[in-house]
Amino acid sequence: MTARQAALKILTKTETNHGYLNLVYMEVLKANNFSPLDAAFIKELVFGVYRNKLYLDYIIRANASLRLKKIEPTVLNILRLGVYQILFMNKIPDHAAVSEAVSLAKKRSRGRTAGFVNAVLRSVLRSGGADLSPLKKDAVKYFSVKFSYPEELTSFFVNTFGKSRAEALLAAGNETPPLCVRVNILKTTRQELAEKLHRAGIETKETPFTDCGLYLFGASEQARREFSSLFTVQDQSSQLAALSLSPEPGDTVLDLCAAPGGKTTHLAELMENCGQIYASDLYEKRLHAVNEAAKRLGITIIKTKQADAAEPNPALRQIADKVLLDVPCSGLGIIRRKPDIKYKEHITDFDEILSVQQQILNTAKEYVKPGGILVYSTCTINPSENLGRVHAFLKENPNFEMDAMKNPHIAGEMAQRAKAGFIELFPDTDNSDGFFVCRLKKLR
């Protein structure tokens, strides 16, 4: 299987099976022995197409003799791959992008399909794409095509943040995020790990908001496996969740939405692998990832159990010094990492997810000891899921209050922002995932 064939398979399988793009990508990679260069090329193709899918379709529509609905799905994906290479990948010669797309089409069928693909891509080369200026009179339609967000979601961004800020957020959501890792402080320090990675030819840069993170540049999958016991792939925004909880050695900690374990293992590292962490998740299968992560990092204090965080468990009443709630959310803060989120049906129908978040908060509050801490976090930038949800909770629960985050591991100007008791991060202004974390103290 060639790299482009793999890319086509990933796109088609993701759409046909309604799968998750990142999981399908990893599945295809594991089934084939691609070189690091080919793996990176495949990732650029499939994630690039998803980041720009509506824009690519607009261009195809302007240059094709058939309506999009009349184009067979696999052929449409071949065209998307071809147009993406022509317009976004300067290192790929135009003739190579066209010929390889035609080759993929020939493997699908003979004659007409290959000729159709060739004609559309040649037209794109001649026209340079498509004119978006007629759309500019309607900001929602224009942004929707330019940044490839469905109109429903684009309208939410514009109505929530205003045109100018919405444009910045939509653009930031289409950027490729840097590889960020959290240092396993049980085994090394940030400086020591940076030096080891440098000797292996991997350049690093320290994260500005936490003192336990590094950005990695030029790290192949093989290199990442070689150093896997020394770090966990985790954006600096997510690192702030465990840091905001500030667990101490000997604490009893609950992580009620734990999988895949990034935050759970961070808690254990901060606790110096001393104490008790009870990690649960709705799906037992996902807890395997938590156990595997703990084993890889040398952590022994995590006990996992399948449980619905929204369902009360009387046995857990007031047993926890600290509780972490990284609740299910709309995921609008991690679109740059998971671009297929943009195309989820009814993505702006928030009522159901808000109800789940409320149920989990009302259940978890009973598990916290008086004087204990509950941290609520999401990976969304939707205000109603963040401060809106917290304010509603505090109104109904006067025995809780926001508590300043004073963990010394929270670095730079973020330390000042954390004193408010909550942190909001945005991809356009913080160069991180969109994230929200709030520290709540139980008074009695």
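Guide: F143 and F147 lie four residues apart, about one turn, in helix α8, which covers residues 139-147. Helices here are DSSP runs of H or I with at least four residues, strands are runs of E with at least two, and both are numbered from the N terminus. The model is predicted, so local features need pLDDT of at least 70 and side-chain atom pairs pLDDT 80 or more, whereas totals for chains, interfaces and linings use all residues. Residues are numbered from 1 along each chain as its sequence is written, and side-chain values use heavy atoms, without hydrogens and water.

Visitor: Why is the aromatic pair of F143 and F147 called tilted?

Guide: Rings of Phe, Tyr and Trp (its six-membered ring) pair if their centres lie within 6.5 Å; planes under 30 degrees apart are stacked, over 60 edge-to-face, and the rest tilted. For F143 and F147 the centres are 5.9 Å apart and the planes make 50°, so the pair meets the tilted class by this definition. The whole structure holds 14 aromatic pairs.

Visitor: What makes C274 partly exposed?

Guide: Buried means under 20% relative accessible area, exposed over 50%, and partly exposed in between (1.4 Å probe, protein chains only). C274 has 40% relative accessibility and therefore counts as partly exposed. F143 and F147, by contrast, are both buried.

Visitor: What makes K53 a charge over the ring of Y343?

Guide: The criterion asks for NZ of Lys or CZ of Arg within 6 Å of the ring centre and within 35 degrees of the ring normal. The charged end of K53 is 4.3 Å from the centre of the Y343 ring and sits over it. R165 lies over the face of F426, 4.7 Å from the ring centre.

Visitor: How do you know that the radius of gyration agrees with a compact globule?

Guide: The radius is taken over C-alpha atoms, and the globule rule is 2.2 Å times the number of residues to the power 0.38. For 444 residues a compact globule would have a value near 22 Å; the protein chain has 23 Å, which agrees.
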